[in-house]
Amino acid sequence: MLQIVAAVGIVGYLSFRNGQIVLEECAQKLIAQTGKRVEEKLTAVLEHSHWVNQLNAEAIDRAELNLHL
């Protein structure tokens, strides 16, 4: 009887521990994917902002954009 209890206890512990490891790996992957998506979106926004600023600066240089209303 003691052997059965010990075997069930060991299997239960190993199953629990394995579940913790898998959950940690999934969490790390999710964090990495989220970070990558945020970086991609931020890069895209900043690239467009730079382009818009460049167009505005060129329009100001050509006197096509009136800064005084």
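This is a predicted model: local features need pLDDT of at least 70, side-chain atom pairs count only at pLDDT 80 or more; totals for chains, interfaces and linings use all residues.
Residues are numbered from 1 along each chain as its sequence is written, and side-chain values use heavy atoms, with hydrogens and water left out.

**Overall form**

The protein chain contains one helix and zero strands. These elements are DSSP runs numbered from the N terminus: helices are H or I runs of at least four residues, and strands are E runs of at least two. Along the principal axes, the C-alpha atoms fill a box of roughly 90 × 20 × 5 Å. The radius of gyration of the chain is 29 Å, whereas a compact globule of 69 residues would have a value near 11 Å. This radius is taken over C-alpha atoms, and the globule rule is 2.2 Å times the number of residues to the power 0.38.

The protein chain exposes about 6600 Å², and carbon and sulfur atoms supply 66% of this area. Accessible areas come from the Shrake-Rupley method with a 1.4 Å probe; for residues, only the protein chains shown count as cover. Of the 69 residues, 1% count as buried. A residue is buried under 20% relative accessible area, exposed over 50%, and partly exposed in between (1.4 Å probe, protein chains only).

**Helix H1**

Helix H1 covers residues 2–61. With 60 residues, H1 reaches 88 Å from its first C-alpha to its last, close to the 88 Å expected at 1.5 Å a residue. The expected span is 1.5 Å times one less than the number of residues.

Tyr13, Ile31 and Trp51 are among the residues of H1. Tyr13 counts as exposed because its relative accessibility is 52%. Ile31 is likewise exposed, since its relative accessible area is 55%, and Trp51 is exposed at 52%. Glu40, also in H1, is partly exposed because its relative accessible area is 47%.

Ile10, Tyr13 and Leu14 form a nonpolar patch on the surface, with about 350 Å² of accessible area together. Such patches consist of residues with over 30% relative accessible area and no salt bridge; nonpolar side chains (Val, Leu, Ile, Met, Phe, Trp, Tyr) are joined within 5 Å, and like charges within 9 Å. An α-helix has 3.6 residues a turn, so residues three or four places apart point the same way.

| Pair | Apart in sequence | C-alpha distance |
|---|---|---|
| Ile31 and Glu47 | 16 residues | 24 Å |
| Trp51 and His68 | 17 residues | 23 Å |
| Glu40 and Asn66 | 26 residues | 34 Å |

**After the helix**

Ala63 lies in the segment after H1. The phi of Ala63 is near 60 degrees, a positive value in a residue other than glycine. Ala63 counts as exposed because its relative accessibility is 68%.

A search of the whole structure finds one salt bridge, defined as a side-chain nitrogen of Lys or Arg within 4 Å of a carboxyl oxygen of Asp or Glu. Arg62 forms a salt bridge with Glu64, and their closest N and O atoms are 3.1 Å apart. Side chains of opposite charge can pair when their charged atoms come close. Arg62 is partly exposed, as its relative accessibility is 48%, whereas Glu64 is exposed at 55%.
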